[in-house]
Amino acid sequence: MAIVLCFLLSKAQRWEQLLAPAESAARFGSKASRAFARDLALHGNRIKGDPDAARMYFRPDGSPHKEGELIEQPALAAVLAGVRSSGLAALYNSPFTES
C-alpha cells in the first residue's frame, strides 16, 4: 500500500494527517479528470456489470460520469476513516475484504 510506504518514509505527518485528504476526497467526491472520463467512456463496459462499480462510476441512467463530475466513494471513505482512527488492522475488517 503506497500510503503506508509514504508514511514510513516521511514521518513528517501524523498518520491521521496523511489519510485525511484521501478520506475527504472519497467521502465528498473528487472531480473526474478529462483522461478518466475518456477512459470510462471508452472502456467502462468492462466494469459496468459490477453493481458497486456501476453505482460509483455511472449515472442512474447508465451513462458514464463526464469530466468535472464528482465521483464519491463512500465505502472507501469508511475504510480510510477506520484506518485513520484504528490503524492498519481496520483493513482486515473492512467492506473491501468481504468482497
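Author: Ser30 is found in strand S1, which covers residues 30–31. The model here is a predicted one. Is Ser30 buried, exposed or partly exposed? Its relative accessibility is 32%, so Ser30 counts as partly exposed. Being buried would take a value under 20%, and being exposed a value over 50%.

Next, the surroundings of Ser30. Set aside the neighbours within four places in sequence. Ser30 is then in contact with Ala25, Glu69, Leu70 and Ile71. Ser30 and Gln73 stand 43 residues apart in sequence. In space, their C-alpha atoms are 9.1 Å apart.

Ile71 leads on to another residue. Ile71 is one of the contacts of Ser30. Ile71 also has a listed distance to Arg55: 10.0 Å from C-alpha to C-alpha. Along the sequence, Arg55 and Ile71 are 16 residues apart. Arg55 has its place in helix H4. Its relative accessibility is 59%, so Arg55 counts as exposed.

How many aromatic pairs does the structure hold? It holds one. The partners are Phe36 and Tyr57, with ring centres 5.6 Å apart. Their planes meet at 55 degrees, so the pair is tilted. Edge-to-face would need an angle over 60 degrees, and stacked one under 30. Phe36 has a relative accessibility of 33%, so Phe36 counts as partly exposed.

Now to a helix pair. Helix H2 spans residues 15–28, and helix H5 spans residues 74–86. The two pack at an angle of about 165 degrees. Their axes are 8 Å apart. An angle over 145 degrees counts as roughly antiparallel. H2 and H5 are therefore roughly antiparallel to each other. The crossing of H2 past H5 is left-handed.

Which residues make this contact? From H2 come Trp15, Glu16, Leu19, Ala22, Glu23, Ala26 and Arg27. From H5 come Pro74, Leu76, Ala77, Ala78, Leu80, Ala81, Val83 and Arg84. By kind, eleven of these residues are nonpolar, four are charged and none is polar.

Two further residues of H5 deserve a look. Val79 has its place in helix H5. Its relative accessible area is 7%, so Val79 is buried. Gly82 lies in helix H5 too. With 19% relative accessibility, Gly82 counts as buried. The cut-off here is under 20%.

Glu23, one of the H2 residues in the helix contact, gives a reference point for both. Val79 and Glu23 are 56 residues apart in sequence, with 8.5 Å between their C-alpha atoms. Gly82 and Glu23 are 59 residues apart along the chain, and their C-alpha atoms are separated by 9.9 Å. Gly82 has contacts of its own as well. Leaving out residues up to four places away in sequence, Gly82 touches Gly87 and Ala90.

Last, the whole chain. How many helices and strands does it have? Six helices and two strands make up its secondary structure. Along the sequence, the pattern reads α-α-β-α-α-β-α-α. The chain has 99 residues, and 29% of them count as buried. Val79 belongs to the buried kind, while Ser30 is partly exposed. Consider the contacts between residues at least 6 apart in sequence. Of these, 53% join residues at least 24 apart.

How values were computed: Residues numbered from 1 in each chain as written. Predicted model: local features only at pLDDT ≥ 70, side-chain atom pairs only at ≥ 80, totals over all residues. Heavy atoms only, no water. Phe/Tyr/Trp six-rings, centres within 6.5 Å; stacked < 30°, edge-to-face > 60°. Buried < 20%, exposed > 50% of the residue type's maximum accessible area, 1.4 Å probe, protein only. Axes fitted to C-alpha atoms, helices over the stretch in contact; angles between N-to-C directions. Helix = DSSP H or I, 4+ residues; strand = E, 2+ residues; numbered from the N terminus. Parallel < 35°, antiparallel > 145°, perpendicular 65-115°, else oblique. Left-handed = near helix turned anticlockwise from the far one by under 90°. Contact = heavy atoms within 4.5 Å. Nonpolar A, V, L, I, M, F, W, Y, C, P; charged D, E, K, R; others polar.
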